[in-house]
Amino acid sequence: MLIAHYGHRLPADYDLSIIRNRAAQRGALWDDMPELYFKGFLLRERGQYGAISNEYSSLYLWQRDQSFRDALVGGRYKTVTDSFGRAAIETRVALDARGGGGRVARFAYKQEQDIALDADLTSVLAAEIERNAAIARQKGAVAAAVGIDAQNWRITRILLSEEEPGEGKAGVAYQVLYLAKPLLDTLPQ
């Protein structure tokens with residue numbers, strides 16, 4: 001599995017209704033994408049939920065890296081570059097991904113943590129997989145995934161949730177404008 005995420009910083013006076021309309025219009029085009037667990041159309045709105053600037057981003061969980069490649073080669077990313085330019089796409093090898101009991105993802109949370117140089121990788125990765133399973137069981141969790149950036153030795157934790165930012169919700173909070181979820185229900189619970 002592969003986690004992919006990219007974002008576009010937007011000017012402070014950008015009309016965010018354009019982004020909301022874009023997500024509503026384009027979201028359904030991903031609803032039956034082969035080998036895609038989910039794609040979140042995400043927004044960070046300046047002054048909301050801790051955001052100091054506006055950002056539009058996309059978050060994916062792919063079944064295989066080949067599927068991500070096919071989306072790039074097949075021109076799916078061209079609509080993004082035509083509108084916003086080319087963003088750096090962060091990719092992570094997924095260590096674990098699970099569905100939760102929640103139904104409507106209203107928020108996405110992304111948390112990153114460096115792995116200490118002297119840490120035992122086997123223990124760290126096993127603990128992250130266990131942690132992810134526990135997060136997926138939390139109230140309101142729609143899905144949880146954890147991935148690794150093996151170049152920089154960093155863990156990335158993703159949570160899709162019904163719950164608003166607040167106590168117990170770690171990481172950067174994004175509003176979910178649309179969640180395409182072709183294979184979300186096939187993730188282990």
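**Entry 1: arginine 20 and glutamate 45**

I looked up arginine 20 and found that its side chain meets that of glutamate 45 in a salt bridge, at 2.8 Å from N to O. The model is predicted. I then checked where the two partners sit. Arginine 20 belongs to helix 1 (residues 16-27), while glutamate 45 is in the loop between strand 2 (36-44) and strand 3 (54-62). The pair therefore links distant parts of the chain, 25 residues apart.

**Entry 2: arginine 157 and glutamate 128**

Next I looked up arginine 157. This residue forms a salt bridge with glutamate 128, and the closest N and O atoms are 2.5 Å apart. I placed arginine 157 in strand 7 (residues 154-161) and glutamate 128 in helix 4 (residues 121-136), so the bridge ties together parts that are 29 residues apart in sequence. Both arginine 157 and glutamate 128 are buried.

**Entry 3: glutamate 163 and lysine 139**

Which residue does glutamate 163 bridge to? I found lysine 139, with 3.3 Å between the closest N and O atoms. This pair, too, links distant parts of the chain, 24 residues apart. Glutamate 163 is in the loop between strand 7 and strand 8 (172-180), and lysine 139 is in the loop between helix 4 and strand 6 (141-149). I recorded lysine 139 as exposed, because its relative accessible area is 66%. Glutamate 163 counts as partly exposed, at 23% relative accessibility.

**Entry 4: salt bridges overall**

How many salt bridges are there? I noted a count of 13. I also looked for shared partners: Glu90, Arg92, Lys110, Glu112 and Asp149 are joined into one network by such salt bridges.

**Entry 5: aromatic pairs**

I turned to the rings and noted 10 aromatic pairs. One of them is formed by tyrosine 6 and tyrosine 77, 5.2 Å from centre to centre. Their planes stand at 80 degrees, and the pair is edge-to-face. Tyrosine 6 lies in strand 1 (residues 2-10) and tyrosine 77 in the loop between helix 2 (65-73) and helix 3 (78-84), so this contact ties together parts that are 71 residues apart in sequence. Tyrosine 6 and tyrosine 77 are both buried.

I then looked up tyrosine 49 and phenylalanine 107. Tyrosine 49 is in the loop between strand 2 and strand 3, and phenylalanine 107 is in strand 5 (residues 107-114). The two are 58 residues apart. I noted phenylalanine 107 as buried, because its relative accessible area is 4%. Tyrosine 49 counts as partly exposed, at 33% relative accessibility.

Which residues do ring pairs link into a cluster? I listed Tyr6, Trp30, Tyr60, Trp62, Phe68 and Tyr77.

**Entry 6: charges over rings**

Last, I looked for charged ends placed over rings. Arginine 76 lies over the face of tryptophan 30, 4.5 Å from the ring centre. Trp30 is one of the residues in the ring cluster I listed above. Arginine 44 has its charged end over the ring of tyrosine 174, at 5.8 Å from the centre of that ring.

How values were computed: Residues numbered from 1 in each chain as written. Predicted model: local features only at pLDDT ≥ 70, side-chain atom pairs only at ≥ 80, totals over all residues. Heavy atoms only, no water. Salt bridge = Lys/Arg side-chain N within 4 Å of Asp/Glu carboxyl O. Helix = DSSP H or I, 4+ residues; strand = E, 2+ residues; numbered from the N terminus. Buried < 20%, exposed > 50% of the residue type's maximum accessible area, 1.4 Å probe, protein only. Phe/Tyr/Trp six-rings, centres within 6.5 Å; stacked < 30°, edge-to-face > 60°. Lys NZ or Arg CZ within 6 Å of the ring centre and 35° of its normal.
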